[in-house]
Amino acid sequence: MTKVVEISPTTRHEGHSKLTLKVNDQGIVERGDWLSITPVRGVEKLAIGKTMEQVPKIASRVCGICPVAHCLASIEAMEASIGCEIPKDAKLLRVILHAANRLHSIALHNILILPDFYIPGTETKINPFSKEEPFRSVATRIFRIREIAQTIAAIAGGEAIHPSNPRIGGMYQNVSPRAKQKIADLAKEGLVLVHEQMEFMLDVIRDMQNREYVTVGGQNIPIPKTLGYHNQGVMATSPMYGSSSLDENPTWDVTRWKETRPWEWYMGEVTIDLEDPNYPIGGTTKAGTRANPQMEACNSVPTYDGQPVEVGPRARLATFKNFNEKGTFAQHIARQMEYPDCLYTILKCLDDLDTSGKVIADHIPQGDGSMGWAANEAPRGTDIHLAKVKDGRVLWYEMLVPTTWNFPTCSRGLKGAPWQIAEMVVRAYDPCVSCATHMIVVDEKNRIVAQRIIQ
Amino acid sequence: MREMTADPYLGKYITCVSARSTDKEILKKAQDGGIATALMVYALEEGIIDGTIVAGEGDRPWEPRPIVAMSREDILKARGTKYSISPQIAWLKEATRSFGLDKVGVTGVCCQMQAVRKAQLYPINMRDVPGKVALTVGLFCMENFPYKSLQTIVEDHAAQSLGSVKKMEITKGKFWVHTERGNVSTVPLKATHKYEQPGCHVCLDYVSSLADISTGSVGSPDGWSTVFIRTKKGNEVWSKAVAAGMFETKPIEDVKPGLELLTKLAKEKIDKNRKTLEERRNFGVNKALRDPYA
């Protein structure tokens, strides 16, 4: 008999979300919904009428982990709309900033997922906050990687969190020769560390793939071999940076995208009738509680060819490097494999960077209302911003962020998982829920659903 | 090390001397003893700093523009007092960003030293700044002028063209203007008061009490500076620089007019401005103007 269990809130990812799960007698998910319950902030609506310079700085504030993705995607959407080509050295600085941000984000995600994993060959789970070895040296390495990444981002981008240097038409500042050398030195130090960290993580993940079960709340929970499998396919625009409608051959097709409403993909009202007070830490939602994912979801559902898709590191590797594994652990593996590329990219860009080169376009058109889009391959996947700019002001603005693409896809990937490890499936997407919750959701009669929920 | 002196008007300091740089090139265009320039050049050459914010040349004559100097030549370009506002701190964070500095030097007047210290202790959107400030050299400052004021004083009151001015100086109750061709004009300070920046009237610091090292003209003879060595960092840098032969020094006690005049002027500034602050409390009828020190 089908029962409904709910984990709310979910933990160890960015933002506020929950899992409403229909499970069979063995506790295996038959149909799972993972949805954002982060209050809608409506960035896209409030952007209308504001200047094209200001909107990217607001969009950046959607998320403090991947502000670089939103800042760059937003600026480049404006540049695509007005038809502004930026100088080469500005682009190089943006790529350095971008790669540094991806680096810090992967390392941060290591901290979030490691508590689900075991020291290879043992029954001891990894606690990155413990003073004991080997935890302490792993944590120290992760912190140094993040420090290096944030420092590089601050130098190239002006600020690690909410970069100040990018502007419509390029960058405010080129860097000094000293700054260029400093980035190179840091990148070389980081390269050694990320190779070590990647090998460590891959060992930990492979150990997990060989395990039969994991312990959750004192219980042994079997791990299905197909954990997290789905048939939604993947979408990616670039192995590293992104694409935009200014490109000669854009790698994303706006005509294949369609925005849909949550209730085309989520379940309707259900009543929780399975409750586990021992789920760590604090138990699950009380039996008798009603849930309604269709109405509660604060995310919308963008589709590609009419279906939700997976975006992120695995999507990039599958699209560009023929990576052919799928599911939860394949996603983890793909993410670790992106580590070294971040630093090789930075070093390559530094080689090409001319510190006395100009970083702002000579002419910045003010726009005639044409639609432009830019895709940034954010740490979590394809982040697409679309804009229409006229006379320097934003007429229309849309953000299709990675975790928004992943919400319904991941929900389908939950099927077949014991509900106690549904969160492990979610974490493999490295969700960024506040990223995914930035829009106003409109129902059939064009009433604003999100506003109704807030009331 | 000498015991710390805590003077109510001159701030806390370890030692005070009269000094001048031994570098002839620096002295050629220095306002006084070349202390600010020589210290920053020495700190750069010794790796104590890897860049410093100085008041460089702006777009108009005698209009300062803050720059991040990373070479001796750039530091030397900032020699000479510009009696107009130079927003030094505007580059404080950027110095740690696109300039890629690890050890930032800052020069400026008293209020700019205050800004640096505040950013170090209360960094509000000033990430990385607290740990990267390496050396601060503060100038004595009685008051400052907006650029329009400076134009009016020099062009109208002193009847000189700004383009021909070589040096300006406020001393002995007068605003002095020296031209390249050797003319000297003076304006009685009384005539300049209405051109002062109003914000200077609530300032309670004359000798840059919060700098690592502060330096100024009053108290020492022409061509020499009065120097306070205040912090551990300042003492370290100064001792090394003196040992390396960068400065000629004399104990301030052996110099005329010495600390007596300096204390008198510091007291005048602080007492006058404290009165202004008190008046702000009763500026309106049953209401006050804000007091940032409250």
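## Annotated positions in chain A

Met399(A) is buried, its relative accessible area being 0%, and in this predicted model the residue belongs to strand S15 of chain A, which covers residues 393-400. The UniProt record, an unreviewed entry, lists Met399(A) under "binding site" together with Glu44(A) and His438(A).

Glu44(A) is placed in helix H1 of chain A, made up of residues 43-46.

## Confidence in chain A

The mean pLDDT of chain A is 94, and 96% of its residues reach 70 or more. Residues 450-455 of chain A, however, have a pLDDT below 50, and in the model this stretch has eight contacts beyond near neighbours in sequence.

## Helix H5 of chain B

In chain B, helix H5 runs over residues 110-121, and its 12 residues reach 17 Å from the first C-alpha to the last, which is close to the 16 Å expected at 1.5 Å a residue.

The buried residues of this helix are Cys110(B), Gln112(B), Met113(B), Val116(B), Arg117(B) and Ala119(B).

Definitions and conventions: Residues numbered from 1 in each chain as written. Chains lettered and ligands numbered in written order. Predicted model: local features only at pLDDT ≥ 70, side-chain atom pairs only at ≥ 80, totals over all residues. Heavy atoms only, no water. Helix = DSSP H or I, 4+ residues; strand = E, 2+ residues; numbered from the N terminus. Expected span 1.5 Å × (residues − 1). Buried < 20%, exposed > 50% of the residue type's maximum accessible area, 1.4 Å probe, protein only. UniProt positions renumbered as here; feature names shortened; annotations may be inferred. pLDDT = per-residue confidence, 0-100. Contact = heavy atoms within 4.5 Å.
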